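Work through the exercises below with the sequence and the model open beside you. Each task is followed by a solution that goes step by step.

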Amino acid sequence: MRDQRTGYLMVAPALIALAVLIAYPFLLSIYFSLSDKRVGLPGHFIGLENFEALSQDSVFQQTLFNTGLYTVVSVACKLVLGLTLALLLEKVVRGQRLLRGIILLPWVIPASLSTLAWRWMFDPSYSVLNWCLRVVGLGPGVPWLSDPWWARATVISVNVWRGLPFFAICLLAGLVSIPKEFYEAARVDGAGPRARFWYVTLPLLRPILGIVLLYSVIMTVSDFIIVHVLTRGGPLQSTHLFATLAYRIGLAGTRLGMGAAITLFLFPVLVVGAYVLLRIVRRGEEFA
Amino acid sequence: MELQALQREWRSISGLWSRRRFLQAIGAAGSSTFLARGTAWAQAPEVTLLTWSHFVPTYNPELQKLVAEWASSRKANARVDFLSLPDLMPKLAGEAEAKRGHDIILGYNFVPALYKENLLDLDDVAEDLGKRYGPWSEIGKYLCNLDGHWKAVPWYHQSLIANINVDYWKAIGMSVEDVQKLNWDGLLQKAKDLQKSGHPVALVTAETFDGFGSLCPVLWSMGGKAVDPKGNVVIKSSETKAALEYAKELFPYMTRDMLGWDDSGNNKYMLSGVGSWTPNPPSIWLVSRLQKLPIADKFDHVPMPSGPQGAYRVGDSNSLAIWKFSRNIDLAKDLIKFLMDKPNYDRQIAAAGGYNQSSLRQFQSNPIWKTERQLRYYEPPVEEIRAPMWPAPPNPGSQIAYNLLIVPLMFVKVVTNEMSIPDAMTWAEKQLQRIYAPYRS
């Protein structure tokens, strides 16, 4: 009994912190999203009017498309490239610690700083990348930040560059934990490299793959810094994500209710997605 | 025996520092520090000022120096915080909502109207300054005197004049005097020659605040307006159509890179030696001079081109306002008066190199605009200076429409062929109607 009480007491500070820093703001943003709250003024309950207005707004519809494209392409690239990198890193013997440390750098450097460096590299006037292209005779340069599709490719590239180390290191951890006996047994049964990857590596990697994918999808959907620093949602709102649009409408536009509605719009979708991914993870654990 | 002696000795030493005594010592040290600091806080209040990071690098240190001098003379503390303009608006929103933050804030353009209910009336300060150095100009009164009360004190404004590289114009046979007389049609014709020579003009058609500075003069001089003084959205008109058609015709002769520009984009464009013409306050020339760049001698400023309804220049206004929740209201007012005092104001004009223009008549005769040849057209202006979104009523809707870049976006949608001219005007009309709806009287 005493142990139970002590246990609750030990957990209480963390629960209080969760309640104050996560639960309260979350409930408050739900309330804001159902009201016409503006900065500095009280709000009134208006039901789902904000969500209805958003669903008919062309800018929001574009943001929905942008977010979907950004998330799917970024996560797919990070998954494929991350897994490839993990498989390669697993084979490295000499200097593996140093190499793994260096590979983590993009993920470790503060996002705003690294994105600012990318901004300089993509700058419309002073892009070092365009300078290189001109020097080698590959044309006048690329409109990295001024063409909608190039701008989308640019923000996705920076996101992939930043998130790739996380995928690689997590998947590497999963790879090294797979018992070698399974590969030996598969080899004895005549399985080639592709078959070993498909029937041994992937199923056993499923739990960690699920967790990494879930984390990456949530972080990518809610990304803010990369778009805010590189393009501020432009050109022509072609790179706006939910977070940047909510920032523009809620803070610059002072419409906190609408801003909250934007950020909460995908919440049900993310909950379903998390449930599905966790089920995949659980099935992978059963297999293991 | 020795061990016992050692143990006794240890006990006598550790007794000096029993847990209880240790905690007492810590408590005493902590509370005395707290009390000392508390006493210090009680004696010297701190006045804080939030403003934008000036584009002329020598201005910020001078402002900090002035504020420090004021603080020293009043035996108070003072702090100036600088933010870039796009980051200033969300910061102000945070302070207004939390009712916590700086004492004095920058009232950029329609910010005094946006946060009218949260700002102190400054009638005493503004009227005193008006009597001493006035009268106040129209732009100052339009943005800061709301419903008969001064919600902010106009500090200075900067206007977007045409910045040119004289060498590139000379190369196509145009002297500075010729460029000065150009109207919009003339600029369009010369833009073709300049593009051929590799030095295009830059009428900033981008989703950035500078977009207002380039595109509103086109709109206004064609007779177009976004919102009328009563708050009615009137952007869908034949005059707006004419302005959009003009921008669409000019766009192919400009760099497409400008679609990705922020407010520093056209500055960099001119400083890189590529651009030949762009609307901007004189920071391009000032920065090149400060950095002793060879291109500094090539820059000059001429009035904005004229259209059928006259010649206009956008003036972005900076005013000083005090939050109602400020705990240092009297000191904050005193600091504002100090900054607006003529000797101190002259120092600010000098530190900004003539970039800062004043809404007070007496300050407009500062000799810097006569002694610096490149500023001869900057002050006094030849064109009519208007705030962005003019002649919209100074209400929250105008600042929101400004923050959301509705007018520049409308132009961008047309020049990139994302929308036809009628569709772009309809889009802008819907956006503005939604923004202004809560503020219709």
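**Exercise 1. Two cis peptide bonds**

Locate B:Pro135 among the secondary structure elements of chain B, and describe the peptide bond that joins B:Gly134 to it.

Solution. B:Pro135 sits in the loop between α6 (123–133) and α7 of chain B, where helices (H or I, at least four residues) and strands (E, at least two) are DSSP runs numbered from the N terminus. The bond joining B:Gly134 and B:Pro135 is cis, with omega about 10°. As background, most peptide bonds are trans, and most residues other than glycine have a negative phi.

Before going on, note that this is a predicted model, in which local features need pLDDT of at least 70 and side-chain atom pairs count only at pLDDT 80 or more, while totals for chains, interfaces and linings use all residues. Residues are numbered from 1 along each chain as its sequence is written, and chains are lettered from A and ligands numbered from 1 in the order in which they are written.

**Exercise 2. A helix and the core**

Describe helix α12 of chain B, from its span to what covers its buried residues.

Solution. First, the span: α12 of chain B (residues 238–250) has 13 residues and reaches 18 Å from its first C-alpha to its last, close to the 18 Å expected at 1.5 Å a residue, where the expected span is 1.5 Å times one less than the number of residues. Next, its buried residues are B:Thr240, B:Ala242, B:Ala243, B:Leu244, B:Tyr246, B:Ala247 and B:Leu250. The cover over them includes α10 (184–196), α11 (210–221), α19 and α20 (421–436) of chain B.

Then take B:Ala247, which, leaving out residues up to four places away in sequence, touches B:Thr205, B:Leu215, B:Val218, B:Phe411, B:Val414 and B:Val415; two residues are in contact if their C-beta atoms, placed from the backbone, lie within 7 Å. B:Ala247 is also among the residues with the most contacts inside the largest nonpolar core, which has 184 residues. Such a core is a set of buried Ala, Val, Leu, Ile, Met, Phe, Trp, Tyr and Cys residues joined through C-beta atoms within 7 Å. Helix α8 (residues 148–176) of chain A gives the most to this core, with eleven residues. Domain 1 (46–158 + 316–375) and domain 2 (161–315 + 381–439) of chain B both contribute residues, so the core lies between them; the domain bounds come from an automatic or database domain assignment.

**Exercise 3. Two contact surfaces**

How many residues of domain 1 of chain B are in contact with domain 2 of chain B, and how many residues does each chain bring to the contact between chains A and B?

Solution. Within chain B, 24 residues of domain 1 are in contact with 25 residues of domain 2. By class, the domain 1 side has 15 nonpolar, eight polar and one charged residues, where Ala, Val, Leu, Ile, Met, Phe, Trp, Tyr, Cys and Pro count as nonpolar, Asp, Glu, Lys and Arg as charged, and the others, Gly among them, as polar. Between the chains, the contact takes 28 residues from chain B and 18 residues from chain A. On the chain B side, α4 gives the most, with five residues, and this side divides into 14 nonpolar, six polar and eight charged residues.

Methods: A residue is buried if 20 or more other C-beta atoms lie within 10 Å of its own, exposed if 12 or fewer, and partly exposed in between; C-beta atoms are placed from the backbone.
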